[in-house]
Amino acid sequence: MTNSAVYLDHAATTDLNPAALSAMTEQFAHTGNPSSLHGAGRRANRVIDEARTKIAGVAAAHPTEVIFTSGGTESDNLALKGLFWNRTEKNPEARSILVAGIEHHAVLDTVAWLETHENATLLWMPVDADGVLDLQAAEELIEANHERIALGTLMWANNEVGTIEPISAFVALAAKYQIPVHSDAVQAFGTVPTDFAASGLATMAISAHKVGGPVGIGGLLVRRDIVLMPVQHGGGHERKLRSGTLNAASAAGFAAAATAVQANLDAESKRLSELRDYAVQRIAQSIPEAVLNGPRDALNEGKRLPGNLHFTFPECEGDSLLFLLDMFGIASSTGSACTAGVPQPSHVLVAMGRDARSARSVQRFTLGHTSMREDVDKLLEALPEAYQRAKKAGMAADESSIHTAGTGFTR
Ligand code: PLP
């Protein structure tokens, strides 16, 4: 249940799955630190083990490859810093990181931190107008710099425009020089198949609250032969990669939600992509100047997240449209953030080649497991008027600077 009558922001966070709620409710009644040796501790540890096994099953990983964290942000930090430090310890010259400008700030700000504090060099990989990695350019960067590259990172699916990236092809390019690759799969996990074993990835970040699990728990899948330097030190939990008492109730909730979405993945993908395409067609009729960003993927062939709709609505401020839609009871997102009252362009659209002004006129609608046709119909009803009013409100003076560190963030 959400405050807005129509919740179209499932990529930010989605409703708690009833299976997750009941799994957690059951566990909250029990005491026991999973590291304790007595019966209560062993019981809690069994809950963790079962959750780990279930999540591994959904991700096609081995249970020992699942490291519990507090969420996607922490997983990205652990993977990127951990891989970088491990690689540079062995070879201090290998300090370059392959990265694309469409990444979430959990990745962008982490590599920016490594650049500032650890003397990393960022090798920017271009994307095309749909946000898809330019594999040829990536290959050229790898060929020219492989001796100095510590790691590569490529998100599985983009959180703003829903583009699904060519993970296996990128991993294959990097594998030629044994370059480990991390993927932020926070938006992809539980929405499209994410086979960790087949991907060849070194590490993969996932998060519970995007799949109907609780906020505050996530995972990093770490291939068994990969060594990471930990960010957090303490009791040596989770293969010594992530110290801190494990949260059995949240792990059980995460596993229950992941199992539920996995059981319904194909049917839900079809249902959501049909709903999405219905909205795309109707918006094209009612607002012909609206531009769909990201791949069209009308046949649902795995080029775009099934529940993602992302449009440029020309000559209106995305934030104005968001607030107007909210007044109509519709929860949406601009993807980009307002910094000190100044609307910021979406860094994702800028990376896709859009100008900074039009990259502010965007709106994201994301569908999820509770979305119904009536939700989309209510959006279709409200959108033309909200857009006209947002256009009338005009756009703020141009702001050309793009914040990629710290302040502006996307979900
Ligand atoms: N990466 C992507 C692509 C996301 O969409 C999000 C969500 O905000 C995150 C990382 C951060 O995940 P979390 O909210 O679990 O820290």
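Visitor: Which of the 14 residues around the ligand come nearest?

Guide: T73, D184, Q187, S207 and K210 do. A residue counts as near when one of its heavy atoms lies within 4 Å of the molecule. A word on the source: this is a predicted model, where local features need pLDDT of at least 70, side-chain atom pairs count only at pLDDT 80 or more, and totals for chains, interfaces and linings use all residues. Residues are numbered from 1 along each chain as its sequence is written, and side-chain values use heavy atoms, with hydrogens and water left out.

Visitor: How do the residues of the shell around the ligand divide?

Guide: Two are nonpolar, eight polar and four charged. Here Ala, Val, Leu, Ile, Met, Phe, Trp, Tyr, Cys and Pro are nonpolar, Asp, Glu, Lys and Arg are charged, and the others, Gly among them, are polar. Helix 3 (residues 72–90) gives the most to this shell, with three residues; helices are DSSP runs of H or I, at least four residues, and strands are runs of E, at least two, numbered from the N terminus.

Visitor: Why is A100 called buried?

Guide: Buried means under 20% relative accessible area (exposed is over 50%, partly exposed in between; 1.4 Å probe, protein chains only). A100 has 0%, so it is buried. A100 lies in strand 3 (residues 96–100). Not counting residues up to four places away in sequence, A100 touches L108, W124, M125 and V127, contact being heavy atoms within 4.5 Å.

Visitor: Which residues touch the most other members of the largest nonpolar core?

Guide: F68, W156, F170, F189, M204 and F254, out of 54 residues. Helix 8 gives the most to this core, with nine residues. A nonpolar core joins buried Ala, Val, Leu, Ile, Met, Phe, Trp, Tyr and Cys residues through side-chain atoms within 4.5 Å. Beyond its neighbours within four places in sequence, F189 contacts residues including I55, I206, F254 and A258. Apart from this core lies another, of 28 residues, A279 and A382 among them.
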